[in-house]
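Student: Please take a close look at one part of this structure for me. I would like to hear about one chain, and then how it sits with its partner.

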Amino acid sequence: MKIFHPQKFRKRQISHSDIFLNWIFLLPCLLTLLICAGWPLIRTISFGFTDATLDNLKNISFVGVDNFIAIARDQDWWKAVLNTFVIAIVSVPLETVFGMIIALILHRNFKGRGWMRAIVLIPWTIPTIVSARMWAWMLNDSYGIINDLLIRAAIIKEPIPWIASNSLSILSIILVDVWKTTPYMALLLLAGLQSLPQDCFEATEVDSIPFRTTLKSIILPLMKPTIIVAMIFRTLDAVRIFDLVYILSSGNNENATMSVYSRRFIFDYADVGYGSAAATVLLFFVAFLSVLYISFNRKKLKEMD
Amino acid sequence: MIWKSKKFIKETAFYILCLLIAFVCLFPFYWAIVSSLRDSSSLFSTDLWPTKVTFDNYKEVFSDITFGASFLNSVVVAVCTALLSLAVCLMASYPLARAKFKGKKRFLMTALGVTTIPHVAVLSGLFELIRFLDIYNEKSALILSYMIITVPFTLWTLTNFMRNIPKEIEEAAIMDGASRFTVLTKVFLPILSPAIVTTGLLAFIAAWNEFLFALTFTLTNQSRTVPVSLALFSGASQHELPWGLIMAASVLVTLPLILLVVIFQRRIVSGLTAGAIKG
């Protein structure tokens, strides 16, 4: 007969003090992050201070901040900075407003909600390259459906060169970016709505207060932290925009963003040192936002424990 | 009565808004389908539905060997990326969700920090690493680089899901003499299977859609993924782009994803909203 050992039993209970075992479980993930993110990041930053080229990554010499000075003197770089910020500053607020509208709709219980949810997700699911191609086709100046509809509706007389014209192609990029990422924004905000006390939505129904009032004085103030975090997250994403610009600006310098500019120097002009320096500058631009984003989430993590 | 009609108007307005949103979301894809079904002579027609349906564009896409190869590449890369990041993150999320130890928060915060790195900022470092490992132009190079994208959010989402499993289940298993590895594989894995499907799906979609790394770390037609072939698909000049073909290929690439989303929409939404990573 087995004898019950209270002491043994207590030992077997999970104390989770077994630090060694914890780190064994964490090791694969830690190594993956170090090898795939940490090391390449350090290498890219250090390449920025050298004269490395694509064919010669080994016998490189330290050139100090020469690359950074050259970047600061390059007009195209400042154009890329401006483009990047214009895209981020215009598209993120638009996505927030549209996202909020969609989130409020999806939060309501109505017939066909499941369908609506699936439909709204579709722009987010479509690969960015495909969206870019689809919109480029729709916005095509001579054959595009959008110009055609606008002309038929007598809104415009001449077809608009949405993509061929530099100033308009930034607009097109913003349009497609908003179309593509609003669903994601809507889901982030929906999650926030779902975590609010649900009776604040009932005020409208029960006390017949206009929904506008409920929204302005109850829902939006309560949603403020969620909205801020979602906007920071989206801004971080918008600032590194690459795919859409790559397709919709058809390779001209005028509409490059910082990501496009950096990659062009690293791989098209094979100037790894210069391109890496540009990427490093981009990294520093977003560092402030990253820190803000992480500290917001840290607060949240504390609340959870 | 007045109150009722007011409510009716409001409801109608609500559904009209829904229809409008659905239209904006769906029209570009609808237009791609319509254009892909047209022959080259009617391609530039702007009728809102196809008058003469032809599948020639699809036939041509299918007969194009490089497109088939890139489709296969995309499938392999996306599946491997999803499986690998699931395996790595499942292990890591166990102590992160269930144990108290020093450095836990820092670990989670570091993973969160990785999501904010602009991808060009690791590009040349990764290129050097991939050259060093001699996997340039190979699928493994893409899988390696996609870990930056998929591991942080998979880790966060799984950790959040695992945190919600009641402690009693784990304690019961440990009392019965299960090791911690057994707890993870035999107890938590089955409970977590819906969450695993969701996060795996999200990782799959992320890898399927990725462009920057795929463009940079592959060279030949045979090793490209679908987004890259689609982006480099071009005619003799900008004005001679084979739009019908491009639209057919676009539809083919997107269809599997749309099917997944329609089937799993509830799970995808819960997965996207469960990760505290987005606030």
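Tutor: Chain B has 11 helices and zero strands. This is a predicted model. Follow the chain along its sequence and the pattern reads α-α-α-α-α-α-α-α-α-α-α. The radius of gyration of chain B is 24 Å, while the globule rule gives 19 Å for 279 residues, so chain B is more spread out than a compact globule. The C-alpha trace tells you its extent. Along the principal axes of chain B, the trace spans about 75 × 75 × 35 Å.

Now look inside chain B. Of its 279 residues, 47% count as buried. Next, take the contacts in chain B with a separation of 6 or more. Residues 24 or more positions apart supply 76% of them. How confident is the predictor in chain B? The mean pLDDT of chain B is 85. A value of 70 or more is reached by 94% of its residues.

Turn to the partner. Chain A has 13 helices and zero strands. From the N terminus on, its elements run α-α-α-α-α-α-α-α-α-α-α-α-α. Chain A holds 305 residues, and 45% of them are buried. Apply the separation of 6 or more to the contacts in chain A as well. Here, residues 24 or more positions apart account for 67%.

Helix α12 of chain A covers residues 258-268. This helix is mostly covered, with eight of its 11 residues buried. Which residues of α12(A) are buried? They are M258(A), S259(A), V260(A), Y261(A), S262(A), R263(A), F265(A) and I266(A). After α12(A) comes A270(A). The phi of A270(A) is positive, near 60 degrees.

The contact takes 84 residues from chain A and 83 residues from chain B. On the chain A side, the largest share comes from helix α2 of chain A, residues 19-47. That helix gives 18 residues to the side that touches chain B. What kinds of residues make up this side of chain A? They divide into 57 nonpolar, 17 polar and 10 charged. For the complex, the predictor gives an ipTM of 0.86 and a pTM of 0.87.

So keep this picture of chain B in mind: 11 helices, zero strands, and a chain more spread out than a compact globule. Its contact with chain A takes 83 residues from chain B.

Conventions
Residues numbered from 1 in each chain as written. Chains lettered and ligands numbered in written order. Predicted model: local features only at pLDDT ≥ 70, side-chain atom pairs only at ≥ 80, totals over all residues. pLDDT = per-residue confidence, 0-100. Contact = placed C-beta atoms within 7 Å. Helix = DSSP H or I, 4+ residues; strand = E, 2+ residues; numbered from the N terminus. Nonpolar A, V, L, I, M, F, W, Y, C, P; charged D, E, K, R; others polar. Buried ≥ 20, exposed ≤ 12 C-beta atoms within 10 Å, placed from the backbone. Rg over C-alpha atoms; globule rule 2.2 N^0.38 Å.
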